[in-house]
Amino acid sequence: MRFEILRDPVWNNIRVDDLTLELVDTDVFQRLRYVRQLGWTYLVYPGATHSRFEHALGTHHLSRRTLALLCEAEDAASISEQEQAIVRSAALLHDVGHYPFSHALEEIGALHHEDVARPLITKGAVASLLSSRLGDDAPAKVFDLIRGESKSALQGLISGSLDLDKIEYLKRDAFMCGVPYGEIDVDRLTNSLVLVDDPATGRAAIGVQEKALSALESLLFAKYQMYRNVYWHHAVRSATAMYKRLVEDAVEAGIVDGHSLATYTDEGLMHRLESAFATPLLVALKARKLYKRGAEWPAAELDETIEWIASDRKRVTAAEDLLAKEFGLASGELLLDYPVKTQMLGLDIPVLRRSGKVERLTGEGWIGTINLPSLSEELYESARWLRVFTAKRTKLEPRKIRDALERLS
């Protein structure tokens, strides 16, 4: 097998084979060069201009490395080269459906990026390559791994508590932002992955040796720290809220077709909006005139009745305009932001105990080890905030806002 070497700032040398190079050269994958991994985060952390392209190559690299380690184990000799190639392809292609500026548009109700990826992987140039090299059913197998619906024993490498995507993005995002929060013991984790019989299903699955639990804990806390300090940073969320409302208004005005959003690059979409929809919101975002915090509450002070602010965009837009009018602001000059509650500390993985027994470690934790249920909720409440952003510094009445939101609940 012929390999090319790509240089990468995080993993140094990345080896890619002929099939990988051909997949990388498709238009579907090349678009990822122009989709930033962290959306508008570069307005706060200037180094965060890395793309989904680099992240996908890094995830592919980790999959190759991890599969090689698994194949060295005596009980993993049954992993065929074809199966490895399918897993590596899934690792490479897992993000091809991402929208411009990454996850933001999913928060306004756009189709999930994994659903967008289905035709990109199962039809066209990518499907032709996979089918010709790995068999007619290869595109479907790759997509099932990405969706987390595969029966393969290797599913956990692509989608799971300890998937390689998670390890890669935490490491790369921290490195590119210049923060110390994403330090993960990658070697310890990847060397401790094993194939075991999952006690919950009776089928072979990716598990982890008990000796790596402290490294797994560090990954979970790195994820929390990155959410608190980077992904949910107030200025990042301000820019994201502005972008969501901007695109929402453009779709409503017929400037862009909501179904075609995933075909744009970051700058391609911004150019389209600048040429046909140069609103004050767009001008402010391009000039980094970010909206200011007018009021904010930690999740600890809120209850489930306001969860609609994270998911029901029609109600959110109506509430924003209602509040803007009440405080003497124009439509679009007051924005609400409440991040979607993610699986920040989700955990569900088979563990090979030192005794040789396999037990499933879930969010319920074990005595003497990770105890996540109460801890997870406490961390959410400290990192997740409901915020009201305004175009200019405005004296708001928090009680009046809370009352209005509760009436709308």
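In which sense, right-handed or left-handed, does H16 pass H18? The first view below gives the answer. The model is predicted; local features need pLDDT of at least 70, side-chain atom pairs count only at pLDDT 80 or more, and totals for chains, interfaces and linings use all residues. Residues are numbered from 1 along each chain as its sequence is written, and side-chain values use heavy atoms, with hydrogens and water left out.

**View 1. Helices H16 and H18 pack against each other.**
H16 passes H18 in a right-handed crossing. A crossing is right-handed if the near helix is turned clockwise from the far one by less than a right angle, and left-handed if anticlockwise. H16 spans residues 313-326 and H18 residues 398-408. Helices (H or I, at least four residues) and strands (E, at least two) are DSSP runs, numbered from the N terminus. The packing angle is about 145°, and the axes lie 11 Å apart. Axes are lines fitted to C-alpha atoms, for helices over the stretch in contact; angles run from 0 to 180 degrees between N-to-C directions. H16 contributes Arg315, Ala319, Leu323 and Glu326 to the contact. H18 contributes Lys400, Ile401, Ala404, Leu405 and Leu408. Contact means heavy atoms within 4.5 Å.

**View 2. Four strands form an open, mixed sheet.**
The order is E3-E4-E7-E8. Two strands pair if DSSP finds at least two bridges between them. Strands E3 (193-197) and E8 (358-362) stand at the edges; each has a single partner strand, so one side of each is left without a neighbour in the sheet. From one strand to the next, the twist averages 50°. E7 (residues 348-352) runs antiparallel to E8, joined by five bridges. Leu352 stands opposite Val358 in E8.

**View 3. Three strands form an open antiparallel sheet.**
Here the order is E5-E9-E6. The edges are E5 (292-298) and E6 (334-337), each with a single partner strand, so one side of each is left without a neighbour in the sheet. Neighbouring strands are turned by 15° against each other on average, direction ignored. Four bridges pair E6 with E9 (residues 385-390). Leu336 stands opposite Val388 in E9.
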